[in-house]
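Open the model in your viewer and keep the sequence panel beside it. This tour goes from one selection to the next.

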Amino acid sequence: MAGASVKVAVRVRPFNSREIGKESKCIIQMSGNTTTILNPKQPKDNKSFNFDYSYWSHTSPEDINYASQQQVYRDIGEEMLQHAFEGYNVCIFAYGQTGAGKSYTMMGKQEKDQQGIIPLLCEDLFTKINDSSNDNRLSYSVEVSYMEIYCERVRDLLNPKNKGNLRVREHPLLGPYVEDLSKLAVTSYSDIQDLMDAGNKARTVAATNMNETSSRSHAVFNIIFTQKEHDSQTDNTSEKVSKISLVDLAGSERADSTGAKGTRLKEGANINKSLTTLGKVISALAEMKKKKVESFIPYRDSVLTWLLRENLGGNSRTAMVAALSPADINYDETLSTLRYADRAKQIRCNAIINEDPNNRLVRELKEEVARLRDLLYSQGLGDIIESECIISELLMVQALLCSVQETEKIIAELNETWEEKLRRTEAIRMEREALLAEMGVAIREDGGTVGVFSPKKTPHLVNLNEDPLMSECLLYYIKDGITKVGRKDARTRQDIVLSGHFIKEEHCCFTSTIGMSGEGVVVLEPCDGAETYVNGKRVTAPTVLRSGNRIIMGKSHVFRFNDPEQARQERERTPCAETPAEPVDWAFAQRELLEKQGIDMKQEMDQRLQDLEDQYRKEKEVASSLLDDLQRVSLQDFLFGLAFLVIDGFN
């Protein structure tokens with residue numbers, strides 16, 4: 001399988017509401033595997049590209065040419081999964097501008113026939129494993145890791161202990177890897193679902209607290225798939241290990257089209273830096289194929305390309321899905337994506353079957369440890385190994401000690417038994433749930449994910465996020481009595497812990513009581529100086545909440561208040577109530593806030609305009625008066641001068 005090219009597919013989505021509102025025209029045409037883009041400014045300047053697959057998803061599923069989620073998975077996902085069972089490393093990554101449909105292709109939605117490549121591949125993986133469970137010669141194990149690359153920093157999404165930036169290291173045998181990144185053992189597709197939910201939940205918490213959104217960071221979901229086959233004749237066990245990397249890249253975007261400023265502009269610069277570096281790597285690999293000459297590949301210029309080094313021109317079977325916008329207003333970005341994909345298809349990867357890598361790796365690592373120990377003993381520093389002392393003056397010795405410790409840590413991880421991995425996974429799950437419970441996030445009694453259920457009686461807050469995948473997956477109970485909301489470093493313990501700009505140490509509190517009529521009443525009372533909005537209006541006094549109210553705390557925390565009992569009584573009183581015209585989501589809350597602020601801003605602008613007009617009128621009157629005085633003085637001077645000339649003439 002050596003020398004296989006990268007599989008490249010392009011997929012065009014339907015118009016979104018913004019493009020429909022601007023009456024955009026479709027500039028993408030597809031015929032077979034050929035994709036053509038039409039220049040809206042120069043109709044004759046059309047450009048065509050050939051790819052392995054061209055998916056037409058611009059119309060409805062009733063169209064005979066419509067490419068569904070299942071078709072995309074059959075063409076790309078099934079082939080890559082088959083390569084993983086053969087023992088190859090596999091990588092699938094999605095590229096495109098923000099809102100082009102990358103996340104829909106990779107993750108999809110929860111509805112039937114709407115799941116993306118990642119959930120379908122994971123489900124199919126365990127289906128194949130279960131189908132071969134009757135064969136006693138074969139055994140399988142699956143481990144997963146989930147990380148986020150944001151502003152060139154790597155964060156572990158599955159282990160709450162691994163906070164902040166993880167270091168990216170390079171080992172002479174393993175290549176680039178993330179130090180201390182959690183690898184958790186899973187035994188079923190539901191385990192993977194739970195871990196993906198937990199990872200997305202961790203991204204949601206980070207997004208809410210640090211004002212990030214998922215489209216601003218790259219997400220890498222790795223599956224380590226191990227197959228063992230026992231030969232009864234030779235009593236030997238062979239092993240194949242495949243690494244499946246599923247990458248959802250951040251959206252490529254232009255600062256002038258997004259209007260980014262300040263922090264968002266810096267985020268966009270970091271995103272575009274990593275994507276530009278990825279483009280340089282792809283271009284360099286494509287040129288190397290054309291000229292057949294070794295050239296420098298700038299893998300190290302970005303964390304993303306450094307971690308994906310093996311997937312780009314290395315030991316991997318790789319597929320790329322380029323998501324396209326069909327609208328003429330996005331012509332430049334769509335053309336850039338097509339050129340990006342056209343270069344990627346020229347890359348050739350030298351994939352090999354990973355047979356028995358652990359046994360070979362353990363032996364080579366042990367030899368390396370022995371060599372390093374001998375080197376230390378030869379310099380008379382052998383006692384350093386036993387005492388674990390670090391001599392800061394000897395930089396070479398310090399580097400050797402770090403290398404020994406690093407190698408021994410990898411050996412211990414490789415020799416860890418499957419039962420130990422399962423116990424470690426369970427311990428990390430307990431720590432993750434304890435951390436979420438400490439922050440006030442609701443946890444089900446069975447330890448399941450939070451975002452798939454709703455309490456029957458207890459009033460609660462549900463988070464709203466700009467990214468639909470991260471919306472409504474954090475739930476905060478409002479208990480009987482007083483529920484405090486504030487920062488972790490507040491003087492008294494807060495029931496709901498938030499962080500970020502504009503969140504006070506003690507921000508607000510919810511008081512849940514029983515009213516005169518027996519109905520539950522929840523009152524929101526903001527603390528002094530705390531920015532709190534209800535349905536777009538800032539509140540400074542205690543406010544009674546109704547089910548469905550939108551609550552914004554600070555600048556980036558958006559919630560919807562739900563009271564199941566109150567909502568049930570409202571339905572009983574008005575059984576024929578109409579369904580709202582639009583969903584109460586993050587966009588609705590932000591639009592509502594802007595509309596309410598816009599009224600005040602309009603009054604302020606009118607008052608300001610009136611003041612400017614009055615000032616202009618006064619200044620004009622003063623200027624006119626001065627001009628009249630100047631003209632009068634000038635006329636008098638002229639008459640005096642003329643009189644002198646006449647007198648001189650008579651003389």
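Predicted model: local features only at pLDDT ≥ 70, side-chain atom pairs only at ≥ 80, totals over all residues.

Select Gly 96. This residue sits in the loop that runs between β7 (90-95) and α3 (102-106). Is Gly 96 buried or exposed? Gly 96 is buried, because its relative accessible area is 0% and the cut-off for buried is under 20%.

Now widen the selection. The UniProt record, an unreviewed entry, places a "binding site" at Gly 96, Gln 97, Thr 98, Gly 99, Ala 100, Gly 101, Lys 102 and Ser 103. Such an annotation may be inferred rather than shown by experiment.

Next, pick Lys 102 from that set. Where does Lys 102 lie? Lys 102 is part of helix α3. Its relative accessibility is 7%, so Lys 102 counts as buried.

Show the contacts of Lys 102. Leave aside residues up to four places away in sequence. Lys 102 then touches Ala 94, Tyr 95, Gly 96 and Gln 97, among others. Also on its contact list are Asp 248, Leu 249, Ala 250, Gly 251 and Ala 323.

Move on to Glu 152. You will find Glu 152 in the loop between β8 (138-150) and β9 (153-156). Check its backbone: phi is near 65 degrees, a positive value in a residue other than glycine.

Jump to Phe 502. Is Phe 502 buried or partly exposed? With a relative accessible area of 45%, Phe 502 is partly exposed.

Finish by clearing the selection and showing the whole chain. Colour by secondary structure: there are 15 helices and 27 strands. Colour by burial next. Of the 651 residues in the chain, 45% are buried.

Take contacts between residues at least 6 apart in sequence. Of these, 65% join residues at least 24 apart.

Definitions and conventions. Residues numbered from 1 in each chain as written. Heavy atoms only, no water. Helix = DSSP H or I, 4+ residues; strand = E, 2+ residues; numbered from the N terminus. Buried < 20%, exposed > 50% of the residue type's maximum accessible area, 1.4 Å probe, protein only. Contact = heavy atoms within 4.5 Å.
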